Amino acid sequence: MKINPQHNKAFDEYERRLKALRGQYATNEEALRPAFQELMNTYGREQGWTLVPERRLANGAEPDGTLLDNFHLPRGYWEAKDTKDDLEREIQKKIARGYPLTNMIFEDTRRAVLFQNGKRVLEVSLEDRRALADLLTEFFRHTEPDIALFEQAVEEFRERIPELARGVLELIHKERQARNTEFVRAFEAFHTLCKEALNPHISVAAIEEMLVQHLLTERLFRTIFDNPDFIQRNVIAREIETVIQALTRRAFNRADFLKQLDRFYVAIEQAARSIEDWSQKQAFLNTVYERFFQGFSIKQADTFGIVYTPQAIVDFMVASVEEVLQREFGRTLSSPGVKILDPCTGTGNYIVNILRRVAPSALRQKYTEDLFANEVMLLPYYIASLNIEHAYYERAREYLPFEGICFVDTLDLAEGPPKLFVEANTERVEREKGADITVIIANPPYNVGQQNENDNNKNRRYDVIDARVRETYSQDSEASNKNKLADAYVKFFRWATDRLQGRDGIVCFVSNNSFVDQIAFDGMRKHLLGDFTQVFHIDLHGNVRKNPKLSGTMHNVFGIQVGVGITVAVRASQSRRRGLWYYRVPEDWRKEEKLKYLDEKHSITGIEWQELEPDDKHTWLTEGLRPEFKTFLPIGTKEERAARGLEVGGREIKSLFKLYTTGCTTSRDEWVYDFNAHLLEAKIQQFIETYNSEVDRWKRSGQPKEVDGFVLADLTKIKWSETLKLSLRRMTYGAYAPNRIRIAQYRPFVKQFMYYDRLVIHRPSDFQSFFPTPASEAENVAICLTDIGAEKPFMALVTNAVADFHLVGAGAGTQCFPFYTYAEDGSNRRENITDWALKTFQSKYDSSVGKWDIFHYVYALLHAPQYRERYAENLKRELPRIPLIGDRETFAALAQAGKRLADLHLHYEQAAPYPLRQVESSAIPFTWRVGKMRLAADKRSLVVNDALTLADIPPECYGYRLGNRSALEWVIDQYQVSTDARSGITTDPNRDDDPEYIARLVKQVVTVSLETVKLVAGLPELAL
């Protein structure tokens, strides 16, 4: 092949540089590769490709160069090797590590090998200029072949979507900055429309995502269902297409851009054409739907809970609704006037399923008059529209647009008069709002809200629905922490109940089913049984947090972390049948077994129901609850805590402790905790400086109303929380104070330095009244308990420091009961055990009983296996109640044991180290330094580091457990060098001034564990 004259100069320069480098005796890869890299750059610029050095791929591979095209799609890869290397051996190593062979050059300055489409296609000498030119020509003109397999196409499509989306987003940004007048006008008009119709706080980024979704997927919608007029027929697609056309008219050629996706589209389209069965076609669409959001709209997937509903669940729910309609109302899905609404339709599976059940004679009337569906996200809205319209076409053999679907946020419909996109969409919404809905059926979103405030990805607030939740479910709840009532599915239950507008009807949801047994939902349970005459719930389990032995993908029908259930709530005012029915599938069933069960049972008629009798606290699942528990002495009550322990007007405080508090919630552990006080000081000063700069910037910007989108989202500089953003709104500045660095109980037998400050701590709780000064830590002590509603086993642990809310990890809160309380300056020390408690104990035993005796008696009792096992279910639902057990001798024995336990747990760092056998390696220099410790499979030895292993760990020590771990395992888990992935902050527990500390602590905690197990085993028999 003749060399392009323009390339001769590049080859001359390549050969000159290589010769010069060799003249300097350079042979290694790093020294030689710049010459070939510049040659690749020259060819790449002509193609519009950019070489990115050492770009890490998804599988961890890191080629020396990745060639990206104008849309940031990888088009080829290059790997350089040393001249002294065996190139063939090095190629095989890289192949084994997963280096891509789609279009890859391996070279060592002497020889180059080109792989394409997984095959070795060319090998040349780099000293032959013509051969080198041929190699580069083949490399830069390569295009990947069509994909034969559908699954491969969908998976690769998902992997390419982030890169494709970034390319489109860059074009959008460029056109807006360049003031492409037509596009800017269309974009801003569409943004205004979305704020009026969907969400007043919808961000520019969300609008951009909608445009990307439309651009990358509309071809699939046109071709899969052979619907070339999709854009013209769909009332929302027409609006978005106006914006897209304004963008593509000047910015880039749409056909050329999408041509790069032909290999994906063609494979997907061919697969779709071969699918004739309706359920398979739906499964196909669901796959595209899920993969798209997993690949691109990750925040939307988090906010709205993007998990499609398995067909077996849809079948079961629709069949159950049909059964209830017939049994309670003498009607069917086909009956005129049975109006059905899916308020969060996703891909439209419920409406499609209903259409397939409707009698042929009723099909047109049902389709045009009685079926309604809402969707707030663009991509599923498109899919649902096409899915439903195609399902109707398959049965009726005529095309009719489905005018029952609305592009709208369902919860927003309760907020006031809608202005909902185009006129046609508004008309649809008005028709739906005026319909007398009989059935509401859906898979509502399950997300409770963003985990990271920097994401600016909050679930939206709804004034009307949120108020309804507060005045019903929340108002009638006895729980102290009601945050879980903010979950979207809870709002949908409230909305659906109200949407029936007092009429008889059915609400059928598959949802997170934490409301069945968690304490925060006691008010919701009360109202469900008041709002409906019959409630059926099938518990499909799958809560990984409650049972860590389960796998979310294996045992959960949605592959998520929370439990799932199907609820059928019926309001049938004329029916004699009233009550609550429940069924729980076996906990260890896998997803496939659960779905098979639903298939076999067909509907609620086939379920072996258990009728439940809720107790006076609106507990549905009362099995294991001991009635005598309520007769015991309360350890603390919300009423007494709310009164701040004040005995007013002769009112006697009838609880053991006056005050108690939840553990401290920081919302930014990586910033406010550290094993090193100096590093903590530096972090906090940087944090406060960044925050104060943001306050200044917010003031200079005119105090914009929208704080979420305004603040700096860089997690390496600051981590926001709701309270910190509120402080910014108030223009509250931070100031570093050295005396706010305190010792805190972070995890069991793990203390860290903490910056205890109201500005940087999200919820500091009342510890300023318990441990206001370092001096108070020397005399005060608090019992920390697993909070009610925890997903971890009950535990108790004393501390003399501020305690973290997640003392035993996520999924469990903490309540703390101190012996003393103080004024915030450390003065005015007061005993926190009530005089009522003292009188009660003295009247039961004798006048010599003191308040410290009571404190230690309580601590011992809370460790007693008899107490924990007998009242395990009660302790999940309310704070401990303390029985007065036995005679004075029994009390004294428990108090003495409690004191020994408390001393042991408080002063664990003074315990004698257990004589574990030290196995030291002679192969490497000895060090005490810990990176990450690991237990042997039999848990008899602990690898501290490569130089040291601690052996002969007594198995009995694992019997002392706090939450889901033993005390020793907490130390092993926490004392490791770790780097927070998002902030980049590294935590190192090693102590320069005490290198042996961690290894010694391990031995001490073994001693503490063995002594605890021994003391607990020796507790007196409890007459419970």
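This is a predicted model: local features need pLDDT of at least 70, side-chain atom pairs count only at pLDDT 80 or more; totals for chains, interfaces and linings use all residues.

Residues are numbered from 1 along each chain as its sequence is written, and side-chain values use heavy atoms, with hydrogens and water left out.

A word on names. Helices (H or I, at least four residues) and strands (E, at least two) are DSSP runs, numbered from the N terminus.

Now, the sheet. Strand E21, residues 782-786, and strand E24, residues 814-818, pair in the antiparallel sense over five bridges. To count as paired, two strands need at least two bridges between them in DSSP. Both belong to an open sheet of four strands, in the order E17-E24-E21-E22, with antiparallel pairing. Which strands stand at the edges? They are E17 (661-662) and E22 (796-799). Each has a single partner strand, so one side of each is left without a neighbour in the sheet.

Next, what packs on this sheet? Helix H31 does, touching E21, E22 and E24. Contact means heavy atoms within 4.5 Å. The direction of H31 makes about 25° with that of E21. Axes are lines fitted to C-alpha atoms, for helices over the stretch in contact, and angles run from 0 to 180 degrees between N-to-C directions.

H31 (residues 851-861) also packs with helix H30 (residues 835-844), at an angle of about 80° and with axes 10 Å apart. The two helices are therefore roughly perpendicular, a label for angles of 65 to 115 degrees. H30 brings Asp 835, Ala 837, Leu 838 and Phe 841 to the contact, and H31 brings Lys 851, Ile 854 and Tyr 857. Five of these residues are nonpolar, two are charged and none is polar.

Is H21 (residues 522-531) mostly covered or mostly open? Mostly covered: seven of its ten residues are buried, meaning under 20% relative accessible area with a 1.4 Å probe, protein chains only. Among them are Met 524, His 527 and Leu 528. The buried residues pack against helices H19 (463-474) and H20 (488-499), and against strands E12 (534-539) and E13 (564-571).

Last, the whole protein. The secondary structure comes to 36 helices and 35 strands. Of the 1024 residues, 57% count as buried.

Definitions and conventions. Angles under 35 degrees count as roughly parallel, over 145 as roughly antiparallel, 65 to 115 as roughly perpendicular and the rest as oblique. Ala, Val, Leu, Ile, Met, Phe, Trp, Tyr, Cys and Pro count as nonpolar, Asp, Glu, Lys and Arg as charged, and the others, Gly among them, as polar. Buried means under 20% relative accessible area, exposed over 50%, partly exposed in between (1.4 Å probe, protein chains only).
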